Amino acid sequence: MFDGGAVLEVTGAAAANRGDVERFLLPFDLAHPLPANPQPQVVTPASLRVHLRRTLSAATPRWTSLRAAASARMALMPFQIEPALALVQGMASRVLLADDVGLGKTVQAGLAIAEVHRREPRARILVVTPAGLREQWRDELAERFELTAEVIDAASLARTAATLPPDVNPWTVAPLAITSVDFVKRPEVIRGLEPLIWDLAVFDEAHALATHSDRGTAAALLCARARRLILVSATPHPGDDAAFDRLTALGALEGDRRPLVVFRRGRREVSVPDARRTRWLRVQPTPAEAVVYRDLAAYARRLRRETAPGAPGGAHLLVSVLTRRALSSPAVLARSIERRMALLSGDTSPSALQLALPLVSGDGPEDGEPISELALPGLASREEEVSLLRRMLAHAREAARTESKMAVLRRWLRRVREPVIVFTHYRDTLDHVVETVGLNLAPVLHGGLEADERRRQLRAFTDGDAPVLLATDAASEGLNLHWRCRVVLSLEVPWTPLCLEQRIGRVDRLGQRKRPHAVTLVARRTPEEGIAARLQARADHAGTSAPFQREPVAVNGRIEAFRQPAAPGLPTLVPAALTEVRRVHHCRGLAPSPPRRPSRPVEHRAPVAVLSRRPGRLRLYWLVRAFLDDAEGIPFWDTVLGSTTDLDMTTPPKRASEVAACLSRWRSIDIVGDEAVVAAHEALAAAVARDVGLWLDARVERERAIAAEVRRSVGRLAATFVQAGLFDRRAERGRAEQRRMAEAALASTDACLHRLERLRRASRGGRDIAAVVCTARNDRRSR
């Protein structure tokens with residue numbers, strides 16, 4: 001050991017490093033001790049005003065007050081801060097944001113992320129979104145909350161891993177990570193996530209996770225490793241009770257008794273005008289199209305009577321797919337018939353047998369031709385089926401020459417002299433629209449675009465270069481186009497209310513200054529009218545057409561609870577949200593604006609300024625910073641208290657040197673130990689103990705449930721995706737690796753429980769002077 005050397009261990013007490021422990025090796029590391037009782041710093045009144053405004057605007061009166069809202073670049077509405085308040089107050093560990101489309105669910109989730117980051121600077125946060133929305137989430141967090149998030153994909157993960165030692169998990173480098181569920185569901189990726197516990201996990205468009213698929217399985221496993229969970233979906237109930245039950249069960253753990261809390265607010269309930277106008281525009285099919293629909297009906301009847309053995313359900317699916325293609329466009333139906341005929345004739349060329357592989361990283365709905373469904377078994381006699389299909393193909397080609405919907409679209413676009421978004425389900429229908437309607441310069445969005453090309457196409461529309469945007473449902477989730485457009489036209493009726501609501505939601509959002517219009521084309525006297533009726537019935541069952549709940553609803557995984565007006569015993573957040581918004585607006589008003597001339601910076605000493613030079617009785621206004629400490633004496637929260645004292649000054653200070661000479665006399669006043677200040681500090685500590693206690697109960701219960709789940713699921717996470725090894729030694733190494741990962745996760749939960757238990761024994765900490773103002777007793781400038 002070096003002679004005279006020592007290890008200096010320090011614990012952070014500032015907001016950015018509170019509780020962090022660092023070690024420095026002396027004398028090699030330079031350390032400059034701060035004076036225990038530093039002399040106050042004399043500043044100008046202008047500098048002190050800036051310091052006071054900054055200090056007061058950043059202070060919070062209660063431990064449960066939001067700390068990130070005041071600096072957020074968002075127009076706060078009371079309902080938007082309720083989810084963050086629910087997490088802060090310990091009402092919930094799992095939250096479902098199910099507000100109506102366009103009410104700012106992304107902003108609400110972003111505020112919760114910023115609040116967790118502000119309270120726990122070392123928190124590890126994961127955001128899982130559709131692949132096309134990753135950059136949008138990153139930009140929103142940066143612009144509104146000044147948070148730096150990293151988009152994680154295969155390339156970025158490989159680059160990070162190449163710079164780290166082999167035993168360092170690259171997922172631990174980014175404290176705020178944004179990724180897609182199609183990426184994290186991969187076996188090699190999910191193994192790296194197994195030892196990690198997330199302080200907050202956010203899943204956007206969560207309705208896509210309520211399925212029996214790898215996506216749903218990966219999401220369930222990640223949700224079970226989240227200390228706090230936020231699910232975001234404007235359409236959580238697709239009309240299927242079982243799917244909704246799977247959604248509400250995400251993150252539910254044995255031992256965590258707190259239910260999922262659902263925030264489901266409509267526009268009227270939050271005083272946002274609902275100006276949307278929707279219209280079903282009936283379109284009369286041409287005679288040639290009517291023949292195609294009759295051919296489809298006859299083909300369906302033959303399939304029901306004479307389906308090949310072993311595939312009765314496949315026949316129904318085949319007819320459904322062909323019907324949807326016909327309703328989209330006879331031209332795309334003709335293409336699918338050609339594909340079906342090639343498959344039946346035994347054509348093994350790549351163009352005929354290519355399956356729909358997940359070559360793109362999008363999470364959105366599939367918009368390619370449904371090739372796998374077209375290969376399903378049909379009639380027992382292939383020759384007869386090919387004959388039927390050949391006749392239908394001829395009729396479809398004839399109908400494609402003069403399509404009724406294309407004629408309506410062309411006429412409608414001529415009459416509407418403003419930007420329009422045209423939605424359809426299939427990618428090849430977009431190509432047909434471009435050729436038929438003459439929209440060769442129109443930007444196109446679909447699921448096959450790479451991220452850069454998607455941004456380029458979208459920019460062509462948002463910058464005003466093109467009046468029409470053509471899109472499939474791959475572009476109907478998450479995009480904010482309300483400031484550019486207010487009109488949406490759907491070429492065909494979607495088969496789910498979720499899809500239709502997502503389409504309209506691109507323009508019907510907070511900030512839309514005009515009345516949104518949504519038009520859906522419906523072919524008269526065709527199966528599309530029945531689809532529209534079923535769509536409305538499913539929307540009614542899902543509750544999208546019923547009044548929304550104003551209060552949060554506690555859901556234990558059952559649709560019956562979801563429909564209740566309120567949950568018994570669940571406290572309301574409306575009054576607290578109103579009070580908090582008023583406080584935040586006041587804090588924003590206090591925040592200092594950039595000065596015209598740079599003022600002298602205030603150092604890490606209590607600033608003092610003299611506003612009055614008159615002799616006589618002066619008044620000192622003290623701003624005292626009061627701390628709350630955990631069981632180990634580490635400050636975990638602070639606020640400011642105010643006090644006043646009077647001082648007789650026969651000769652008032654006029655110059656900075658005279659002010660400095662008076663400081664010794666002012667410092668003799670033990671304002672920090674004043675009885676009134678001590679009493680206020682004691683009352684503050686008692687209130688914080690109550691608030692922290694409710695939050696701690698929720699956090700400790702959730703943390704113990706996560707630890708229990710980790711112990712139960714040793715080896716289960718990656719085994720869900722990876723087959724067992726062929727040799728015993730390989731399987732043994734795999735089990736050892738799983739045990740190592742489980743131990744790492746349990747170490748994280750143990751450390752978190754230790755930190756939480758320290759807060760349970762919190763106490764009143766120290767106090768110091770934050771600022772001093774000296775003025776005449778009746779000076780108006782002191783007010």
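Predicted model: local features only at pLDDT ≥ 70, side-chain atom pairs only at ≥ 80, totals over all residues.

Now take helix α12, residues 330-344, and helix α15, residues 382-399. Their axes come within 9 Å. They cross at roughly 160 degrees. α12 and α15 are therefore roughly antiparallel to each other. The crossing of α12 past α15 is left-handed.

Look at who meets whom. On the α12 side, the contact is made by P330, L333, A334, I337, E338, R340, M341, L343 and L344. On the α15 side, the partners are R382, E385, V386, L389, R390, M392, L393, A396, R397 and A399. Sort the residues of this α12 and α15 contact by class, and you get 13 nonpolar and 6 charged. No polar residue takes part in that contact.

α15 has another partner. Helix α10, residues 287-306, packs against α15 at an angle of about 160 degrees. The axes of α10 and α15 are 8 Å apart. The angle is over the cut-off, so α10 and α15 are roughly antiparallel to each other. α10 also passes α15 in a left-handed crossing. From α10 come A288, E289, V291, V292, D295, L296, Y299, R302 and E306. From α15 come E384, E385, L388, L389, R391, M392, H395, A396, E398 and A399. The α10 and α15 contact divides into 10 nonpolar, 1 polar and 8 charged residues.

Leaving out residues up to four places away in sequence, I230 touches L87, V95, L97, A109, A112, L200, A201, V202 and F203.

Helix α1, residues 45-58, packs against helix α22, residues 574-590. The angle is about 165 degrees, and the axes are 8 Å apart. That makes α1 roughly antiparallel to α22. α1 passes α22 in a left-handed crossing. R53, L56 and S57 of α1 meet C587, G589 and L590 of α22. By class, the contact of α1 with α22 has 3 nonpolar, 2 polar and 1 charged residue.

V437 sits in helix α17, residues 427-437. V437 is buried, with a relative accessible area of 13%. Setting aside residues up to four places away in sequence, V437 touches M406, L409, R410 and L413. The C-alpha atoms of V437 and A407 are separated by 8.0 Å. Along the chain, V437 and A407 are 30 residues apart.

Two loop residues deserve a check of the backbone. E146 lies in the loop between α4 (134-145) and β6 (150-151). Its phi is near 55 degrees, a positive value in a residue other than glycine. E146 counts as exposed, at 57% relative accessibility. E205 lies in the loop between β8 (200-203) and α8 (214-223). Phi of E205 is near 50 degrees, again positive in a residue other than glycine. E205 counts as buried, at 8% relative accessibility.

Finally, step back to the protein chain. It has 26 helices and 21 strands. Of its 783 residues, 52% are buried. Among contacts with a separation of 6 or more, 81% join residues 24 or more positions apart.

Conventions. Residues numbered from 1 in each chain as written. Heavy atoms only, no water. Axes fitted to C-alpha atoms, helices over the stretch in contact; angles between N-to-C directions. Helix = DSSP H or I, 4+ residues; strand = E, 2+ residues; numbered from the N terminus. Parallel < 35°, antiparallel > 145°, perpendicular 65-115°, else oblique. Left-handed = near helix turned anticlockwise from the far one by under 90°. Contact = heavy atoms within 4.5 Å. Nonpolar A, V, L, I, M, F, W, Y, C, P; charged D, E, K, R; others polar. Buried < 20%, exposed > 50% of the residue type's maximum accessible area, 1.4 Å probe, protein only.
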